[in-house]
Amino acid sequence: MKSVQTEYLRPAAAEDVPALLVLRAEAEGWLRTKGTDQWSDPETGERAIAKWRASIDEGRAWVVVGEHDRVLATVSRGPVDRDFWTDSDRPESGLYLYKLIVAREASGRHLGTRVIDWMSRLAALEGRNWVRIDTWRTNTGLHAYYERLGFQHVRTEAPSHRRSGWLAQRPAGELAMPERLLPIQSADASPTARIDMPRQKG
């Protein structure tokens with residue numbers, strides 16, 4: 001009999017930083033095998049660690065964990081990136097998704113889709129209209145992935161100092177897998193204690 005998957009979402013903590021860096025390094029290697037130059041100039045060392053810690057301290061980073069609290073995926077939210085989104089986009093109408101990474105060992109569990117669904121629910125709870133992303137301009141495979149999940153390409157921006165800039169959005173509240181919503185756990189709760197969706201502005 002196949003065991004039931006027990007993944008759940010919780011706020012990232014400082015002790016998750018090593019696991020997050022492992023996820024990032026694994027993603028870099030996997031992307032190279034796919035023929036894309038995404039993350040070909042990865043941030044490393046203290047700067048990368050400092051950025052993860054800042055996201056954690058600000059309550060913007062989350063992890064999906066499985067058995068034995070093993071980190072299987074991560075996602076962060078962040079402020080609007082003004083290199084890409086302008087006043088005409090009504091920046092306050094969107095929730096901005098960053099750093100979605102899924103461990104290769106968790107491939108096939110649809111964790112990326114389920115995390116995006118959670119962000120979509122959170123955006124709707126906050127009264128926003130959109131979940132928004134910007135991705136590497138040359139990673140057409142990733143563009144197609146997001147479009148399959150209901151994101152619509154808004155436009156592509158190409159500032160000389162950035163390699164990201166493919167902009168897309170999906171309506172807040174829209175779910176790709178409503179029958180497989182990720183349960184949520186508070187930072188200090190037991191694995192069986194679930195909490196309501198958090199509210200956070202900005």
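Two strands count as paired when DSSP finds at least two bridges between them. Keep that in mind as we walk through this predicted model, starting with one pair of neighbours. Strand β6 and strand β7, which covers residues 164-171, pair in the antiparallel sense over four bridges. If you want a spot to look at, find Gln152, which stands opposite Gln169 in β7.

Now let us step back to the whole sheet. Seven strands form an open sheet with mixed pairing, in the order β1-β2-β3-β4-β5-β7-β6. At the edges are β1 (8-11) and β6 (152-156), each of which pairs on one side only. From one strand to the next, the twist averages 30 degrees.

How many helices and strands does the chain have? Its secondary structure comes to four helices and seven strands.

Helix α3 (residues 111-125) lies across β1, β2, β3, β4, β5 and β7, and runs at about 160 degrees to β4. Helix α4 (residues 140-148) lies across β4, β5, β6 and β7, and its angle to β5 is about 165 degrees.

Let us stay with α3 for a moment. Twelve of the 15 residues of α3 are buried, so the helix is largely enclosed by the rest of the structure. Among them are Leu111, Val115, Ile116, Trp118 and Leu122, along with Arg114 and Asp117. After the helix comes Gly127, with a positive phi near 80 degrees.

What about the chain as a whole? Of its 202 residues, 44% are buried. The chain exposes about 10500 Å², and carbon and sulfur atoms supply 51% of that area. Among contacts between residues at least 6 apart in sequence, 69% join residues at least 24 apart.

Finally, how confident is the prediction? The mean pLDDT of the chain is 84, and 79% of the residues reach 70 or more. Over residues 190-202, however, pLDDT stays under 50, and the model has 35 contacts beyond four places in sequence for this stretch. Where pLDDT is low, the predicted coordinates should not be read in detail.

Definitions and conventions: Residues are numbered from 1 along each chain as its sequence is written. This is a predicted model: local features need pLDDT of at least 70, side-chain atom pairs count only at pLDDT 80 or more; totals for chains, interfaces and linings use all residues. Side-chain values use heavy atoms; hydrogens and water are left out. Helices (H or I, at least four residues) and strands (E, at least two) are DSSP runs, numbered from the N terminus. Axes are lines fitted to C-alpha atoms, for helices over the stretch in contact, and angles run from 0 to 180 degrees between N-to-C directions. Contact means heavy atoms within 4.5 Å. pLDDT is the predictor's confidence in each residue, from 0 to 100. Buried means under 20% relative accessible area, exposed over 50%, partly exposed in between (1.4 Å probe, protein chains only). Accessible areas come from the Shrake-Rupley method with a 1.4 Å probe; for residues, only the protein chains shown count as cover.
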